[in-house]
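Here's a quick briefing to read with the model open. Have a look at the structure first, then work through the points below.

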Amino acid sequence: MSDTQTTQAEGLEQQGTADAESPKNIRVVLLGLMIAMLLAMLDNMIVGTAMPTIVGELGGLNHLSWVVTAYTLATAASTPLWGKFGDMWGRKGVFMLSIVLFLIGSALSGMAQDMGQLIAFRGVQGLGAGGLIVGVMAIIGDLVPPRERGKYQGMMAAVMAIAMIGGPLVGGSITDHLGWRWAFYINLPLGAVALFVISAVLHLPKKRTKARVDYLGAALLTAGITSLVLVTSWGGTEYDWGSGQIIGLSVAGAAALGLFLWVETKVAEPIIPLRIFRNSNFSLMNVIGFLVGFSMFGAITFLPLYQQSVQEASATNSGLLLLPMLLSMMVVSLFAGRYTTQTGKYKVFPIVGGALMVVGLYLLSTMDTDTSRFTSGVYMALLGAGMGFLMQITMLVAQNSVEMRDMGSGSSTVTLTRTIGGSFGVSLMGSLFSSQVSDTMADRAGEAGSKLTGSNAQLTPESLAKLPAGLKDAYFHAVSNGTHQVFLWGAVLAVLAFAAAWLVKEIPLRGAGPEAAKADAVPAAVAE
């Protein structure tokens, strides 16, 4: 039997398993998957709120950024490895291992006695988190045919939105009433429930492979991703973009990724099989995913800053400031998923989503010191709707474009490009914002304005309230100008996502109506 026939047989076997699962079992499994997704998305939101208290007890203010960077770095570097290991050794066991590792990191982080320990344990936690999101998406890909998959992935998008809304509020409440260590300990009971549900109810075919793990490829990919994340984390903050450190990391990252691509063409079982990029839809979904990540994380970072500074909203309810965007994203994701399940049609969603992102980001770029909260809320709702049309459809189309044997690698690749897009979005938009704020302060307030912002373009609400009226007005205009530039460039990049969406081919979803057998027997990559 040829390799292609073997792969198709494996795909049919796994599809049969999905069909054999009763709707009740799938709903119970979905509960465990949603808890795991909640763990991955909620953690950073909760911990971010607890950070001032953590620094107050452990010290190490100069290393504060590494609490986030260590987690992000470990998550990004491990994501493609978890996806590949699931393809090779079976999804269930690998996914449960990632949950256990995440919980170990959470427990150790809660017991940290100094900032160095906390950073190290956050790295362990991030290694586990890398397998949570990709594991959830790949398991849905194994259990549910693409025609039915949209509604389940829409639910996952809703979980992400709930985490973004509730995370800061839950984090603040936990820190105030139980102490910051419970920001990590809260993961333990939730993770235990997820482990129990997955262990008891999830049934997937066991996989065995004699192929060796591509350790060289894994090392090169990890080095390349690490360099990219450090460039985005340090560029414009710790070091100037033109500094030797940033240039050196960029060159090292490019060289490592170039060598990784070469190695992947030589090994029997590559970490990321390059054959998946031969499918134009898969490649387009990675491009769109990168741009969505760039815009989404940039918006989540700078919208609260604008509302807290210019509109003088309360920082305590920072999670609620994003409610219009996140609610619209959640509702639209659920609608798009259910519509795709009912009709099998999906091409319109990336196009409409890209258009709404362009319009939403452009309107956000027009905000000034007189923009009302209602008006900015409408603009945010438009952006959220655009992201809702794109968030899970990109994963759905990408999974429909790869063979069953590459489900984990395909899912992890799309997740990784979105994560890297978010890292670049926050970093590049942050540099642009800081530069614009500093220039505006210098123009409007002279030397006093330049001294006020210095290397940090963000002032706390407490320090802002103490400023003289002239300096405060100058700062309001500076933040307004900074957000104008950030969202204007975001709109320009969103145009690229809109253009890419027009190139998507509406390949029938496997498992869709009378074409099910034909679509399942011929992988999309072959059919195309």
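This is a predicted model: local features need pLDDT of at least 70, side-chain atom pairs count only at pLDDT 80 or more; totals for chains, interfaces and linings use all residues.

**How α13 meets α15**
- The crossing of α13 past α15 is right-handed.
- On the α13 side, the contact is made by Pro324, Met325, Ser328, Met329, Val332, Ser333, Phe335, Ala336 and Thr340.
- The α15 side brings in a list that includes Gly377, Met380, Ala381, Gly384, Met387, Gly388 and Phe389, along with Ile393 and Leu396.
- Sorted by class, the contact of α13 with α15 has 15 nonpolar and six polar residues, with no charged ones.

**The nonpolar core**
- The largest nonpolar core holds 138 residues, and Leu33, Phe95, Leu303 and Met325 have the most contacts inside it.
- Helix α2 (residues 23–58) gives this core its largest share, 17 residues.
- Leaving aside residues up to four places away in sequence, Leu303 touches Leu322, Met325, Leu364, Met367, Met380 and Phe487.
- Two of those partners, Met325 and Met380, also turn up in the contact of α13 with α15.

**The protein as a whole**
- You'll find 20 helices and zero strands here.
- The protein has 528 residues, and 56% of them count as buried.
- Take the contacts between residues at least 6 apart in sequence: 83% of these join residues at least 24 apart.

Notes
Residues are numbered from 1 along each chain as its sequence is written. Side-chain values use heavy atoms; hydrogens and water are left out. A crossing is left-handed if the near helix is turned anticlockwise from the far one by less than a right angle, and right-handed if clockwise. Helices (H or I, at least four residues) and strands (E, at least two) are DSSP runs, numbered from the N terminus. Contact means heavy atoms within 4.5 Å. Ala, Val, Leu, Ile, Met, Phe, Trp, Tyr, Cys and Pro count as nonpolar, Asp, Glu, Lys and Arg as charged, and the others, Gly among them, as polar. Buried means under 20% relative accessible area, exposed over 50%, partly exposed in between (1.4 Å probe, protein chains only). A nonpolar core is a set of buried Ala, Val, Leu, Ile, Met, Phe, Trp, Tyr and Cys residues joined through side-chain atoms within 4.5 Å.
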